[in-house]
Amino acid sequence: MKQTLINLQQTMKDQSIQHAWITTPDNISYFSGFLSDPHERLTALYITQDNACLIVPNMEVEDAVNASGMTTFGYSDTEDAFEIAKLNTKFPDHEELYIEEEHVTVKREKSLLRVFNPESLQSIDQLIKDMRNIKTDDEINILKQAAHYADEALRIGVSQLKPGITEKEVAQYLEAEILKVEGISGMSFSTTVLFGDHAASPHGTPGNRQLKNDEYVLFDLGVIYKGYCSDITRTIAFGTPPEFHKEIHAIVTEANERAIKGVKPGAKISDIDALARAYITEKGYGEAFPHRLGHGLGITVHEFPDISSANDDTLKPGMCFTIEPGIYLHGEVGVRVEDDILVTEDGYEILTAYEK
């Protein structure tokens, strides 16, 4: 049984939660070790204070047992998955059932109410977010390795830069090469490689734009290693970009480093955002920094907490997140510098190491 599940069951005891119904694939994996993409089919993890079981399509029963070691109940495509779940979990009528309200559809809510007949449905979302927010030692070790491989993927991409190569060619090559590494199951998201003025779009898509001498190249990428994501952005000089572009790069790099230096237990997240945003605004580019400073990082590439001016929560040891300020000048240049940061007992550790 995974330590994360043991921790959840202890929290359920502490908070007098008797029954939990988890259906988000990432959360099922987090608590059981079994990850699948069920598409329209139901996959669920039913948890009580002392027991847990999986409900999966028949075709995935063997994989679920091998991955989790848990009691697993299968159902066929012609059966009512909720009826099978009710029968095997022996959920008692008229008791509270805690669900992920941010994931359960209206159709599935109706099925739960019809079949399980709970007294009420309650939300377990925040409890799970709070748990996933603080990484275990094992998770931290995996995140460090995932960050290392993000650095390696970036090196592969940079090695391909030459006049005339396209954004798409660089992105496809680095993905193909890094995915050969054992333990890497995929990219955290579709790799971004943008040349020159194309980087002025914060979420631009690599295309057939060819690389020219003396311009910046923006890389934004990450890998999924043993189920955990990394995420790095660097804006690399190819040749000698114009002095104005170098100035923008220097401002963004300084904003990144100022925010990182503010990371420590007890610091307000909104204050970390302000350290980078105030500096960029002071330099006259506040309106050209249109997005939050960063996001949580773990089994998904964008998870709790939100690193922004709207979040007044305080940092705690074990949190892992990105810091990624940027300046985007339409038709001119785009610069973003992003690192993966771990909050330690007395400060921070930068997990991504590629030079800025």
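The model is predicted: local features need pLDDT of at least 70, side-chain atom pairs count only at pLDDT 80 or more, and totals for chains, interfaces and linings use all residues. Residues are numbered from 1 along each chain as its sequence is written, and side-chain values use heavy atoms, with hydrogens and water left out. An open sheet of six strands has mixed pairing. A cis peptide bond leads from Phe304 to Pro305. Asp214 has a positive phi, and so does Lys226.

**Six-stranded sheet**

- The strand order is β4-β3-β2-β1-β5-β6.
- β4 (71-75) and β6 (120-123) are the edge strands, each pairing on one side only.
- Neighbouring strands of this sheet are turned by 25° against each other on average, direction ignored. Such angles run from 0 to 180 degrees between N-to-C directions, with axes as lines fitted to C-alpha atoms, for helices over the stretch in contact.
- Strands here are DSSP runs of E with at least two residues, helices are runs of H or I with at least four, and both are numbered from the N terminus.
- Two strands count as paired if DSSP finds at least two bridges between them.
- β5 (residues 96-99) and β6 are parallel and share four bridges.
- Leu97 faces Leu121 of β6.

**Cys53 in β3**

- Cys53 sits in strand β3 (residues 52-57).
- Is Cys53 buried or exposed? Its relative accessibility is 6%, so Cys53 counts as buried. Buried means under 20% relative accessible area, exposed over 50%, and partly exposed in between (1.4 Å probe, protein chains only).
- Leaving aside residues up to four places away in sequence, Cys53 touches Ala44, Leu45, Tyr46, Met70, Thr71, Phe73 and Thr89. Contact means heavy atoms within 4.5 Å.
- From Cys53 to Gln10 the C-alpha separation is 17 Å, across 43 residues of sequence.

**Ile165 in a loop**

- Ile165 belongs to the loop between α7 (137-159) and α8 (167-178).
- Ile165 counts as buried because its relative accessibility is 9%.
- Which residues does Ile165 touch, not counting residues up to four places away in sequence? They are Gln160, Val170, Phe195, Arg209, Gln210 and Leu211.
- Arg292 is 127 residues from Ile165 along the chain, and their C-alpha atoms are separated by 32 Å.

**Hairpin and cis bond**

- β13 and β14 form a hairpin, with six residues between them.
- Strand β13 (residues 294-296) runs antiparallel to β14, joined by three bridges.
- Pro305 lies within β14 (residues 303-307).
- The bond from Phe304 to Pro305 is cis, with omega near 5°.

**Positive phi**

- Most residues other than glycine have a negative phi, and most peptide bonds are trans.
- Asp214 has phi near 65°. This residue is in the loop between β8 (192-195) and β9 (215-221). With 38% relative accessibility, Asp214 counts as partly exposed.
- Lys226 has a positive phi of about 50° and is not a glycine. Lys226 lies in the loop between β10 (223-225) and β11 (228-229). At 54% relative accessibility, Lys226 counts as exposed.
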